[in-house]
Each structure stands twice: as C-alpha cells, then as structure tokens.
Amino acid sequence: MLPRSILVAVLLVISIAFASPRNESTATGTPGLLYTVAKAYDPLAWLYGSDRFSPDATIFLAQGNITGPLVRNFAATADPAVSFDGQKVLFAGKSRAQDPWQIWELALGADLPRRVTQTKEDCIRPFYLPGDRIVYAHNVAGRLVVETSDLAGGNVLPLTYISSNAFPTDVLHDGRILFESGFPLGTDATPEIYTVYSDGSGIESYRCDHGAARHGSRQVSSGDIVFATAHGLQRFTSARAQQVSISAPAGEYAGDVVEAAAGDWIVAWRPSTSSQFQLVRWTAGSGELTPLLAQPAENVIQPTLIAQHAVPNRHPSGLHDWPNANLLCLNAYTSKYSFASASIHSVRFYARSSNGSTKLLGTAPVEQDGSFFVQVPNDQPLQLELLDANGKTLKRESGFFWMRRGEQRVCVGCHAGPETAPENAVPVVLLKSTTPADMTGSAQSAGGH
C-alpha cells in the first residue's frame, strides 16, 4: 500500500477541483484544503467524554501540487480552523503522545506552531472569534466546558455552566457560538444544537422540535444551519420552526459541511457504519456524490478550506456587575405546550450541584397574564417548574439552563421557540413591582431596572 502522504497526493488532483473564485488562498492564489485522517473516528464520542479520534489523527494540507502533514513531529493533530484572513490555522494537537490535547496556532507557510492554551487537561475543537479571541472545549474535572480566551492564552471565560459535556461546532454570522450538548440540556443523552453569546449569556436551543440526534452543525452562507442525523443531512432555515430534510444521497454523514460554492458542499460521508468516512462533494439537487479524498482503512474527515471569510458580528456584553441575575417571563402560557386559561399559579426554581443533586431555590407567583419576574443565582444549572393553585406540577423542565452574573433576560414564554414574538403590552408583574422575587436564598438585591 502507498504511504499515506503519497496516496493523498495521488488523490489531490480530484480534491482541488472544487474551488470557486471566492475561495482562493491568500498566500499563493492556489486553492487549499485542510482535512484530518485517522484510522478510527466517532463524531459523537465527545458526548461521553471520549476521544473522537484514534491516536494517529493527523491534519493534512493540500495546496497546489503539494500535500503533507500541516505540522511535523507531532504525535496527533485534529480540528483545523482557518483565521478570517486565511493566513493562520488553529488546531488541537499533542506534541507527545502522553500530552493532553492543547490548542495551537500556525501561520501558513511557517514551520513551528505556537501553543495557545496551557492546561493540564484536554482542550479541543477551536474556532476564531472577533477581537483576537478564540473559543474551544476544555475538559474541566471530567466534563467539556466551552471556553473563550484571547490568542495569547489569557482572559479565559467559561461559557457553559451545566454538569454535562458541551462541544463548539461553529461561530455564527451574528457572533453567537454554535455548540452541541445532550438533550435535555445538562444531561448525557441525545445530542442537540444550542447557541450562546460570547459572554456566556442568552443560552437557548436553536429549535424546539427535539427528538432525533443532531450533530456536526455548521452555518452556510444562506444562514441555514446544516447538520447530520441518522437519516442524512438536515437543516434549520429561518423560515421554519422545525428541521427540514435535505435530499442528499443515502449514507452516514459526519457533519462539518464546508461550502465550496453556493449549493456546492464538501462533507465527510460513508456508505455504512462498517466502512470509513471519505470526503465527497455534493451539489444541491444532485442525486450523486463526487468522491474527493479517500484512504484505505482510514477516515478522511473535517474538511476546511484555506480561504478568507467574513468576520462574525462582534457585540458588546450586556452583563452587569451584580452578584445574581434577573429573569422576566412575559407570558408562561406562550408555549409549545397547552395550558388551560388561568391554570398557572406559580413557578418553582431549582439549582443543580456539581455532584448532580437538585436543590429547591424557592417559589414565585405567576400573574394572570402569565408573567413573572425572579432573581436567580448565576453561573450554575437552573431548572423551573410551573404549578397550579393546588401546588400540582403542570410542567417541569427536563433539562437545565443557566444565567450569567449580572444577566438580565426577558423570555417571551416557557419553551416558546425563537420564532415567537411578544405581545405589545406591559406585563402585569412589572405593574405591581419592579423588584424581582428572590430565588437566590439571599436578601441582597441585584438591581432590575
């Protein structure tokens, strides 16, 4: 069998044929592609805290007539991400087999990468953020936490505050972080897609039609979110509240779709679970996949174009220097669930400790219009429960959410969905008082005006 680097070179003629004029290398004008090769690959291993790759994982660079490892003398490399100007690459790597995964940056054309993170635990799946910052997953006490830091490795900020694993998959055009975790959120169950702002606020599921496993989510130029399921590729589009099927050929997709041109995608695919992933090209409306890169007995995954791309929006943080957070619900009756008129009497809040135990925080009244206003502890898993006048549970969240320190959040309803707009009315709870009901166990006020 040909050595890995030679075999890739043989296939390179196919692999570079997809590039469009807008996807040009900033260094040489020649189309370029990064991808990862590994004997074993499980795209959902992160959900249970396991490695996705076998120890031989290696990022390859294919550019012009040259192909080979992105960096040499590393035990393992994976998770490539290209900077907005197309000149640098972030990746997860191990310089020695016994080392933890760390985040590194390499200027294209340079020989030696620069280490960004300096932790004793694994750091994986990096992406560039505006303002010389990055986002990645950090293994903290046995669970993956989505974090940001600056490119120098300092000013680390956790973005996720749940007791299960969280895994970034993209940075959206509007600046939010697209990440995946188990559903119900805060559990190790079915992978689901979520978003969070770059300061950790505004956590929400991308859509409310939960059920099937969804993973490998990426945003394409149309704004749609494309992801993999057991039934092939699916997408979220702004016009629909539920996922929409994509009529791509049958087989298993690893997600991580890359757009070579509008409607022309590169994705890792395999015909069955007994075979290996290969890179293929699919054009919207076509019933066929065009092979690009394959390796006997190895997986070819994580296609990444070496190209300039738009810088996502950068938004200022809306957090305040308060010890807690405030949550205003405009109407708990606005929901995917059906509640009889005047049936919701109160709302109860819980917190979850690091050992998984649940603690009751308190109960607050719900007004006749469905509104309530509460103050909750920050940076920890929270759960709410709606009760009737007899204290009977009407609906309790299956999972958890969190609120950042000093966050002020207004929700349209309870599990209302991001497509729902509020009524143009002042909620009754604020007509009675602008002081939130205290669910923190402390009498200290955190503001609320």
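Two strands pair if DSSP finds at least two bridges between them. Strands are DSSP runs of E, at least two residues long, numbered from the N terminus. By that rule, β1 (residues 32–38) and β25 are joined by five bridges and run antiparallel.

This is a predicted model: local features need pLDDT of at least 70, side-chain atom pairs count only at pLDDT 80 or more, and totals for chains, interfaces and linings use all residues. Residues are numbered from 1 along each chain as its sequence is written, and side-chain values use heavy atoms, with hydrogens and water left out.

**Sheet**
- Four strands form an open antiparallel sheet in the order β3-β2-β1-β25.
- β3 (66–69) and β25 are the edges; each has a single partner strand, so one side of each lacks a neighbour in the sheet.
- From one strand to the next, the twist averages 20 degrees (axes are lines fitted to C-alpha atoms, and angles run from 0 to 180 degrees between N-to-C directions).
- Ala38 sits opposite Asn299 in β25.

**Largest pocket**
- A pocket is an open set of points on a 1 Å grid over the protein atoms alone, where a 1.4 Å probe fits, with protein on both sides within 12 Å along at least five of seven lines.
- Lining residues have an atom within 4 Å of a point.
- Volume is the space filled by probe spheres set on the points, which are joined across faces, edges and corners.
- The largest pocket has a volume of about 920 Å³.
- It is lined by 35 residues, and Ser205, Glu397, Cys414, His415 and Ala416 are the closest to its centre.
- β32 gives the most to this lining, with three residues.
- The lining of the largest pocket splits into 21 nonpolar, nine polar and five charged residues.
- Here Ala, Val, Leu, Ile, Met, Phe, Trp, Tyr, Cys and Pro count as nonpolar, Asp, Glu, Lys and Arg as charged, and the others, Gly among them, as polar.

**Second largest pocket**
- This pocket holds about 760 Å³ of space.
- Of its 27 lining residues, Asp170, Arg218, Gln219, His309 and Ala310 are the closest to the centre.
- Strands that each supply at least two lining residues include β12 (166–171), β16 (215–219) and β25 (299–305).
- Its lining has 16 nonpolar, seven polar and four charged residues.

**Nonpolar cores**
- A nonpolar core is a set of buried Ala, Val, Leu, Ile, Met, Phe, Trp, Tyr and Cys residues joined through side-chain atoms within 4.5 Å.
- Buried means under 20% relative accessible area (1.4 Å probe, protein chains only).
- The largest core has 80 residues; Tyr35, Phe349 and Phe372 touch the most other members.
- β8 supplies the largest share of this core, five residues.
- Another core, of 14 residues, lies apart from it, with Leu233, Tyr253, Val280 and Leu289 among them.

Key:
Buried < 20%, exposed > 50% of the residue type's maximum accessible area, 1.4 Å probe, protein only.
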